[in-house]
Amino acid sequence: MASIWVGHQGTMRDYPSFSASGDAEAIHKAIRGIGTDEKALISILTERSNAQRQLIAKEYQAAYGRELKDDLKGDLSGHFKCLMVALVTPPAVFDAKQLKKSMKGTGTNEDALIEILTTRTSRQMKEIGQAYYTVYKKSLGDEISSETSGDFRKALLTLADGRRDEGLKVDEQLAKEDAQILYNAGENKWGTDEDTFTEILCLRSFPQLKLTFDEYRNISQKDIEDSIKGELSGHFEDLLLAIVCCARNTPAFLAKRLHQALKGAGTDEFTLNRIMVSRSEIDLLDIRAEFKKQYGYSLHSAIKKSHCGILSVEES
């Protein structure tokens, strides 16, 4: 069965003449002793699929009695270390750790929570939930509940449950009904029925939502985004706008996130690493195309100067 973490528009593919033991040996050679052969690490880890990298990690442990990620952590530093460790981490565990980082310490990184929970499929969310419990011995839902509040918390928990319909078929009648329900819950009443927005936007499939948004425009004479901005506020508003954006075009949403991470004085390495690694086998080609379309220059040029490791993921 095809992996739920692999799509058709990724930049990374299975390496044709792959040898897990050969790669494990080459990596060991690159990180042992004084100094590290970073070029060797980049050329191996950014040119193998995640499934192949997991096999390398397995061979590495068998040959040297240590976990590859631990040796990488001990030998490397800074953002390069984070990227290399991310590349040898199974996708569901990687996302679980990203969610944990978004919620630990003082303050919650709501943008990261929104990005992860709106762009993963229901099946991926179920795997992430299992991985979260395995790694942290706590349920993802409980963690979200303790770190967030109100309608934002309710919507995040609905997404974390992995109950969104993933079907590709659309139901025109349902789209008309949902559009009217959304209109009645917001524009057409005093006050807003937030639960209705959560239920429809967090549970309907993306193709179904796209049709619903078209029907909504017919009824209200305005885009759903404008109604959300007018009726809602705070992180709940941000979350619903992200869902609308993803339903319309997920790669465009992630291209915008990358642009935000790269612009300004300092780079948001946390976001940059996450998107480049997590989408490298799913839709990074589409994200790259959307980035060029939206901003007039390539993603490659945007990260070229200071992110050689990440550049290899993007180029692969």
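Predicted model: local features only at pLDDT ≥ 70, side-chain atom pairs only at ≥ 80, totals over all residues.
**Stop 1: helix H12**

Select residues 194-203, which form helix H12. How many of the residues of H12 are buried? The helix is mostly covered, with 7 of its 10 residues buried. Colour Thr196, Phe197, Thr198, Ile200, Leu201, Cys202 and Leu203 to see the buried ones in H12.

Now show the helices that these buried residues pack against. They are H10 (150-160), H11 (172-185), H13 (206-220), H14 (224-231) and H15 (234-262).

Stay in H12 and pick out Thr196. Is Thr196 buried or exposed? Its relative accessible area is 14%, and buried means under 20%, so Thr196 counts as buried. Leaving aside neighbours within four places in sequence, Thr196 is in contact with Ile181, Leu182 and Ala185.

**Stop 2: H11 against H13**

Two packed helices are described by the angle between their axes and the distance between the axes. Select H11 and H13 together; both are among the helices that the buried residues of H12 pack against. The axes of H11 and H13 are 8 Å apart, and the packing angle is about 55°. H11 and H13 are therefore oblique to each other. Their crossing is right-handed.

Next, show the side chains where the two helices meet. On the H11 side, select Glu172, Leu174, Ala175, Lys176, Asp178, Ala179, Gln180, Leu182 and Tyr183. On the H13 side, select Gln208, Leu211, Thr212, Glu215, Tyr216, Ile219 and Ser220. Coloured by class, the residues of this contact between H11 and H13 divide into 8 nonpolar, 4 polar and 4 charged.

**Stop 3: H5 against H16**

Move to helix H5, residues 78-87, and helix H16, residues 269-278. What is the angle at which H5 and H16 pack? The angle is about 30°, and the axes are 10 Å apart. Angles under 35 degrees count as roughly parallel, so H5 and H16 are roughly parallel to each other. The crossing of H5 and H16 is right-handed.

Show His79, Cys82, Leu83, Ala86 and Leu87 in H5; they meet Glu269, Asn273 and Val277 in H16. By class, this contact of H5 with H16 has 5 nonpolar, 2 polar and 1 charged residues.

**Stop 4: Thr271 in H16**

Keep H16 in view and select Thr271, which is found in this helix. Thr271 counts as buried, at 2% relative accessibility. Not counting residues up to four places away in sequence, Thr271 touches Glu115, Arg257 and Ala261.

**Stop 5**

Where is Ile282? Look in the loop between H16 and helix H17 (284-295). Ile282 is buried, with a relative accessible area of 16%.

Which residues is Ile282 in contact with, leaving aside its neighbours within four places in sequence? Select Trp5, Val6, Gly7, His8, Gln9, Gly10 and Gln124 to see them around Ile282.

To finish, draw a distance line from the C-alpha atom of Ile282 to that of Tyr216. These two residues are 66 residues apart along the chain, and the C-alpha atoms are separated by 30 Å. Tyr216 was part of Stop 2, where it is one of the H13 residues that meet H11.

Key:
Residues numbered from 1 in each chain as written. Heavy atoms only, no water. Helix = DSSP H or I, 4+ residues; strand = E, 2+ residues; numbered from the N terminus. Buried < 20%, exposed > 50% of the residue type's maximum accessible area, 1.4 Å probe, protein only. Contact = heavy atoms within 4.5 Å. Axes fitted to C-alpha atoms, helices over the stretch in contact; angles between N-to-C directions. Parallel < 35°, antiparallel > 145°, perpendicular 65-115°, else oblique. Left-handed = near helix turned anticlockwise from the far one by under 90°. Nonpolar A, V, L, I, M, F, W, Y, C, P; charged D, E, K, R; others polar.
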